[in-house]
Each structure stands twice: as C-alpha cells, then as structure tokens.
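Hi,

Here's the structure I promised to pass on to you. Have a look at it first, then read my notes below.

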Amino acid sequence: MQLDRLKEILTKVDEGDLDVDTALEELKSPGYEDLGFAKVDQHRHLRRGFPEVVLCEGKTEEQVVKIMQQLAETDENALATRADEDIYQAVKEVLPDIKYNEAAGTLVLEQTELAQEGSILVISAGTSDIPVAEEAYETVRIMGNDVERLYDVGVAGIHRLLENQKQLRQARVIIVAAGMEGALASVVGGLVDKPVIAVPTSVGYGASFEGVAALLGMLNSCAAGVGVVNIDNGFGAAYLASLINKMN
C-alpha cells in the first residue's frame, strides 16, 4: 500500500466519509503478496521509504517478470539489480516502459515523478569500476536524489580528481567505487567535510583477491568519515547515501 493511499483512508475515517469497519477491511492486507516462490513486500515503502528492490541474480526470468509485474501494480517506481539482457527482454514484454542500464545491470520502472533532493556524487576510480558505480547511480536516481557522476579519477592520476574539487564540495554525500588497493576513498575522505561511502570492487590482479584488498584498505582508511559497504555493492552504498541525503 502506498503512503498516499494510507493517508487517504485515514483522512476519510477522520472526516466521517468512511466507516471504521470498511477501512479495516482495506487495511487487513498481510503486507505482502504471496506468489508461491516469493512473498512480495507491499509495505516496504511505508517502512523504508522505497519499495522492495528485486535482486535478479539467482532467479529465473519468469520469477523476475512476475515479481516486477506485482510491484508495477502499486503504481510506484521499481528497481531490479543484477539483471542481464535476457531478463530485460523478458520483463520488457510485459512492462514495455522498463529501462535497462546494461553497464549497471539494473532495470528501472518510473511510474511516479522523481524528486531531485540534495546532492549525491558517485565517483569511480577507474573505467573498470564503472559497472558498480552505475549500479549506485541508478539506485540513487530512482530513489529521488539529485545525482552526478565523476568517473576515472583514481590515484594513478590524482590530478584528475583534484581538478574537480568543486563537485566534491557541492555534494552532500559521496560514493567512491574503487578496486585495486582502494586508496581513492581515503583520498576523497581527506578532502571533504561530508560522508564518504566506499565501495570496494572486485577489480584488480591476483593479490587484490577479488576485492578483498580494496575492502581491507578502505576499512583501514586513515581519513575520518569514511564508511564501507560490501564488495561490488553499489546498490547498498546508494541506499545508504539516499537515506543520509534525505535527512533534515
């Protein structure tokens, strides 16, 4: 149930236009739709401010299609992550307005006007980190935030970052996606007075251990104000950034 619909029901009861028993019947929903293989959370938006997000990884095309259809019925915006071309084509057959970001692996359904609140900056250390950064970008955007990108500004050519300090200063929250040794998050953290959310990526040669080296480097950052999410978790970084950005 959407927040607006809940307010409408309660307002009608308060004004005497809807009796309590009828309102109760409408509110008796268990809060989820049972599809057999999945229980789609219909009250996630009320609790968390955004509907349930679909992780396509590990699901069949049919399962993703049915879940996305269920989410679309709420008339709210919807997001799916870790989607491939086949899943996109399957969903597009039933939801033609779905948008696919191939680099990010995201499916986005825009059914309500997007707000443009605050300012979030998504940074990638290298071009190879862009897929994770794009997952963060698409998540931040569909959650109703003003967002900008700053890509390929890693420590191997630090002047590329330093030439863009105006963007760093203007953002309320910064997301940094970096692989290899993950040093960029510390550098950014030492330049700004705002939260930095570091995303280690699984980019790098053997001793990077598929992102573990970057993860440990970011956890050991000497710059204060740097938080770290899991390896390749652009979605998780973006969700946290959105919550911070929308705080009064």
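**What I found**

Phe235 is partly exposed, as its relative accessible area is 22% (buried means under 20%, exposed over 50%, partly exposed in between, with a 1.4 Å probe and protein chains only). Tyr239 is buried, at 11%.

Before going on: this is a predicted model, where local features need pLDDT of at least 70 and side-chain atom pairs count only at pLDDT 80 or more, while totals for chains, interfaces and linings use all residues. Residues are numbered from 1 along each chain as its sequence is written, and side-chain values use heavy atoms, with hydrogens and water left out.

Back to those two residues. Phe235 and Tyr239 sit 4 residues apart in helix 11 (residues 234–245), so about one helical turn separates them. (Helices are DSSP runs of H or I with at least four residues, strands are E runs of at least two, and both are numbered from the N terminus.)

How many aromatic pairs are there? Rings of Phe, Tyr and Trp (its six-membered ring) pair if their centres lie within 6.5 Å; planes under 30 degrees apart count as stacked, over 60 as edge-to-face and the rest as tilted. By this rule there are 2 aromatic pairs. One is Tyr88 with Tyr100, stacked at 4.8 Å centre to centre with 15° between the planes. This pair links distant parts of the chain, 12 residues apart: Tyr88 is in helix 5 (residues 85–94) and Tyr100 in strand 5 (residues 99–101). Tyr88 is buried, with 12% relative accessible area. Phe235 and Tyr239 pair edge-to-face, because their ring centres are 5.7 Å apart and their planes are at 75°.

Cheers
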